[in-house]
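Biologist: Could you take me through the terms used for this model? I want each label set against its cut-off.

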Number of protein chains: 2
Amino acid sequence: MPRAKCPKCQITERILKSGIIRDKQRFYCKDCNYHFTLLHEGKKQKSETKKNNRPTSLKDIAEAAGISISTVSRALNNHPDISLETRNNIKQLATSMDYHPNMLAQSLVNRSTHSLGVIIPNLETTFFSSMLGGIQHVAAQSGYRVVICQSDENHMTEVANLQALMNNMIDGLLICHTLYTNTFDHIKMQMNRGIPIVQFYRVSEALDIPKIFSDDENGAFQITEHLINKGCKKIALLLGPKALSINKRLNGYLKALKMHGIKKDETLIKHVDFSYNAVIGAVDDWLNSEPEIDAIFSISDKCAVQIIRHLKSKKINIPQKISVCGFGNEYTGEIVEPQLTTYDVKTRQIGEAAAKLLLEQIIDKKTKNESILIDGEIIIREST
Amino acid sequence: MPRAKCPKCQITERILKSGIIRDKQRFYCKDCNYHFTLLHEGKKQKSETKKNNRPTSLKDIAEAAGISISTVSRALNNHPDISLETRNNIKQLATSMDYHPNMLAQSLVNRSTHSLGVIIPNLETTFFSSMLGGIQHVAAQSGYRVVICQSDENHMTEVANLQALMNNMIDGLLICHTLYTNTFDHIKMQMNRGIPIVQFYRVSEALDIPKIFSDDENGAFQITEHLINKGCKKIALLLGPKALSINKRLNGYLKALKMHGIKKDETLIKHVDFSYNAVIGAVDDWLNSEPEIDAIFSISDKCAVQIIRHLKSKKINIPQKISVCGFGNEYTGEIVEPQLTTYDVKTRQIGEAAAKLLLEQIIDKKTKNESILIDGEIIIREST
DNA sequence: ATATCTATCGCAAACGTTTGTGCAAACACT
DNA sequence: AGTGTTTGCACAAACGTTTGCGATAGATAT
């Protein structure tokens, strides 16, 4: 038997339960025919102060000025229907009442949030954060905000982020896939939602959407050819996780070997995750194996730097004994000694181009399907 | 005279102008008493396809199922008032109709967007991006998104970003001020909006809001004392722009000098912006000046690395001739040779702590006013 | 003076949710 | 059969905007 007391007739009998609302028992007073939930003390105070706590709305201004809401809205938006006098009065009143438009309500009506979503594997690596910088820069120029989600190289996180963002939070999406993303159903599901999507850097030909990417195959080709020209014959290649579907760099490497008549040696190609131990382990394997290697081409500058330091600790001369190349042109490659030969992917440009392409789609409302290739540049330094 | 034709009575006479709507001339047919704006061909088609283009809403589901909107809402939210049968039916119908809730509408009524705003000077520097990483990590754990704005070390941009974010876009704000921010009225104006704000790293005591910061004074003290213990007497200090109000590092430096009985020498303290030329210029000044310096303490690792490379190019031995210290513990300090002695500010921890503190405020709705100090750690390497 | 304009504003419907309350029917128990 | 109880749903008011359409009072032209 509920011991509830009816707020109207103050009677504790003839009260019956009536469902549950927000985890609170709901009651029904048969006497005064009144439904209620059990309120803790001082509930009425809240409803009084509630109004005061809220930011001022158009309604508040309208009431204060004794005019309609629509007039206030139009006045603040400089609609020509409103006379200059009332317009100025309302504007002054608005600032004096500290009015700020509720962008949520605006977005709801206008069907546009003026913000772009970005899904990126990692935002602490300079490689990615410089892309982010490019995106953010271009977006800001057009008055767009940027909502950033980090997938942490985790496919499930990427999917979750995607779902969250696409629910009307953003006007467009920029996505750089996870290393382990090899199925793209999650993207396909979102493609008919009317929200434009642009892939950048790690792209998939399986998707019929615009892409911004670098010619990694060509980059790897150039690096490999450079090593060959330097006289290297046994060029070890350190790749990322095998799951990575987008592995153009291997192709470029093989292409260069083939063109220069060097036969492929499977033992010279290793896949590793990017952990320090895995990288060093792979290098040590190569050092101990029989056909003496004379070059290491790491597909990540970070790993290349680790390799250089490891080789130096082993008193192996770079590049006399072994040449080392990286990929990505991170700042550390310029600092390490010997300075690292690498391939500049122009990450910032990729970010900028991706944001531009997306904004064009959003603003022109045209479903473009461009694919833009950002040319990189080989940077030859001391390590080769 | 307008040549408009009334859509109703198809008469071109007796048409008069009636204000302007959305930059389009509006007309009024005196004949059929009908208002209209000039529509280009095929306007009616749009209103037909309009409905089809939209994502499915609760209303669509309700109509399809022949029940009320509220029932659909409650069913999808597992409200106990709805029978298991209808609940399942509706859920199935919802997924079959590809329903996704409009988060804007939800946010509007719930007064919560589940996203945090971050204003940060720069997101490409690892120093800051690692803070971002910490923030993003903690936020994601609690199911919050992160909206990131880059102020580019520009005070006006910071103000603009703040304004944009605070208009109901976010549930809370994390801000790390610009180097040039010495007035905080823009923050004060937002403080009574009910949206909690947390400062991190670059904080101001002028504001009565929670802060997360590192004990830079102590860090600078430790670095300076370390140099003194190494026998350095003439320790040059390279600081950031003078406008920077938060310059505790100078205090730590001076404190250490005083404690060890070394008198302050104004010529040994220089303020520079962080451009390469300014840094190198300052260093060259010191090298050419009379009292031979025996140490350089740069308040930025990035500059310290540049200094090391510059000194090496001048064949100046580090640390035999001149010791070099940085501040911040960026990765490059570990790569450069000699490896850089620096102070680890624990940037990631700062980001995490800031996000935690903010989320506590948002979730508990309590206006805390904690100030948390994240202890750093001196990292002694080869450059001293 | 009359007819015609025009400038200026209000009304109300949308946008897609959540949620307090009302209410009929089903159920349970004398 | 009569009473008390519960279940399951619908109505409608919010949330804060934008905007198509009406409407009126004064201005202008005839």
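Predicted model: local features only at pLDDT ≥ 70, side-chain atom pairs only at ≥ 80, totals over all residues.

Modeller: Residues are numbered from 1 along each chain, chains are lettered from A, and side-chain values use heavy atoms, without hydrogens and water.

Biologist: Why are H9(B) and H10(B) called oblique to each other?

Modeller: H9 (residues 216-229) and H10 (residues 248-259) of chain B pack at about 40°. Under 35 degrees is roughly parallel, over 145 roughly antiparallel, 65 to 115 roughly perpendicular, and the rest oblique. H9(B) and H10(B) are therefore oblique. Their axes are 7 Å apart.

Biologist: Why are H2(A) and H4(A) called oblique?

Modeller: The axes of H2 (residues 58-65) and H4 (residues 84-96) of chain A cross at roughly 120°. That value belongs to the rest, so the pair is oblique.

Biologist: Which residues make the contact of H2(A) with H4(A)?

Modeller: A:Ile61, A:Ala64 and A:Ala65 of H2(A) meet A:Ile90, A:Leu93 and A:Ala94 of H4(A). Contact means heavy atoms within 4.5 Å. By class, this contact has 6 nonpolar, no polar and no charged residues. Ala, Leu and Ile are among those that count as nonpolar.

Biologist: What makes the two copies related as by a two-fold rotation axis?

Modeller: Chain A can be laid on chain B by a turn of 180° and a shift of 0.1 Å along the axis, with an RMSD of 0.1 Å. The copies are thus related as by a two-fold rotation axis. Superposition is by least squares on C-alpha atoms of residues with pLDDT of at least 70 in both.

Terms used. Axes fitted to C-alpha atoms, helices over the stretch in contact; angles between N-to-C directions. Helix = DSSP H or I, 4+ residues; strand = E, 2+ residues; numbered from the N terminus.
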